[in-house]
Amino acid sequence: MKAMALQDGFGLENLKPLTRETPEPGPGEVLLKMRAASLNYRDLLIAEDRYGGRFKLPLVPLSDGCGEVAAVGEGVARVSVGDRVAPIFFQKWLAGEATLEGLVTSMGGPLDGCWQEYRVLSEQGVVKVPEHLTDAQVACLPCAGLTAWRALVGEGHIKAGDTVLLQGTGGVSIFALQFAKAAGAEVIITSSSDEKLERAKALGADHVVNYAKTPATSKKVREITNGRGVDQVIEVGGQDTLKEALKSIRLGGRISVIGNVSGNTADLRIGAVIATRVIMQGISVGSRADFEAMNRAIALHKIEPVVDTVMPFDAGRAAFDHMAAGKHFGKICIDLGA
Ligand SMILES: NC(=O)c1ccc[n+]([C@@H]2O[C@H](COP(=O)([O-])OP(=O)(O)OC[C@H]3O[C@@H](n4cnc5c(N)ncnc54)[C@H](OP(=O)(O)O)[C@@H]3O)[C@@H](O)[C@H]2O)c1
């Protein structure tokens, strides 16, 4: 079978096709014929050797995918041949709170990811997916979708009438927009692009702020919320955004600390944390139980993940270059079934 892998080292120049034997499922395992995958910012960091290079090579990238069960091993009961499923991001985080043992089982590093024709996984490590979605849309769910869900719903307990602040129009933030609107919340979203902000409005965003033109986004947020501040922030920016997030939060509100696209070191005023009584919660994607809960909401509300581009199997580094260019809105996907 065909696979795309980081082979002789980290760095995009080392991302190359390779041929491997098609694996067979053992007891309790399923063989997936992969149909689609999607990119996350984390995959880019790993591929570009900005993630610490701590995984073994060769490594098949991309944590997120969609596959069809092609064969099952002895004793498999959770899924059947022909079912369409998605791998869960942490193969051993099934429910409840995260454990250290669970958090070292992430797809796309250290475990091989989805950029291959077939993948064998434990039957415990997959979930069935909503029928109305395309394969590419399913492939958007395991990391970006679930992270937004866990932050807003699992940890944040969002409710109708809440106001949330979303940063940028990448994978996580666009899912957060869709979940927040489905929950009846008011959404403020930022972007560096007016065109992307128009698209966000079309998806239901109530207020938009161009952070390139208006770097003091918190001033706009205070205006919009009549001085109150927002109930939740989906914090993906990191270095350039955390300060503004703290100035945007309402008393006792919640900042879900998710990403660091603008850098990893923030200058934080401790007094601001105390004075705002903010709850700052680090997020690590979510569990299988969270994934199944999210899928029920996606099916009920007929939510469709926003796919920016679908590239062919052999796209290789072009897919990562597209992400690094930052022109995307929503998710970049790979068609593995063609
Ligand atoms: N902790 C977790 O479990 C978890 C899970 C998933 C992702 N993440 C992290 O979350 C972050 C986003 O991931 P993603 O996959 O959604 O990435 P993505 O699709 O590449 O989106 C990144 C977006 O960030 C926006 N951005 C860049 N600089 C910004 C700034 N200074 N202020 C506000 N927005 C800015 C850009 O939006 P515009 O183009 O609209 O300006 C860009 O599209 C990454 O750091 C990723 O590692 C963490």
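Biologist: Which residue forms a salt bridge with Arg150?
Modeller: This is a predicted model, where local features need pLDDT of at least 70, side-chain atom pairs count only at pLDDT 80 or more, and totals for chains, interfaces and linings use all residues. Residues are numbered from 1 along each chain as its sequence is written, and side-chain values use heavy atoms, without hydrogens and water. A salt bridge needs a side-chain nitrogen of Lys or Arg within 4 Å of a carboxyl oxygen of Asp or Glu. The closest N and O atoms are 3.6 Å apart, and the partner of Arg150 is Glu97.

Biologist: How many salt bridges are counted between domain 1 and domain 2?
Modeller: The domain assignment, automatic or from a database, gives domain 1 as 2-140 + 305-335 and domain 2 as 145-282. Between domain 1 and domain 2 the count is one.

Biologist: What area is buried between domain 1 and domain 2?
Modeller: Buried area is the accessible area (1.4 Å probe) that two parts lose on being put together, summed over both. Carbon and sulfur atoms give 60% of it. The total is about 1,100 Å².

Biologist: Which residues of domain 1 lose the most area to domain 2?
Modeller: Three residues together make up 48% of what the domain 1 side buries. They are Tyr41, Val306 and Phe329.

Biologist: Why is the pair of Phe90 and Trp93 tilted?
Modeller: Rings of Phe, Tyr and Trp (its six-membered ring) pair if their centres lie within 6.5 Å; planes under 30 degrees apart count as stacked, over 60 as edge-to-face and the rest as tilted. The centres of Phe90 and Trp93 lie 6.0 Å apart. The pair is tilted because its planes stand at 50°.

Biologist: Is Trp93 buried or exposed?
Modeller: Buried means under 20% relative accessible area, exposed over 50%, partly exposed in between (1.4 Å probe, protein chains only). Trp93 has 4% relative accessibility, so Trp93 counts as buried.
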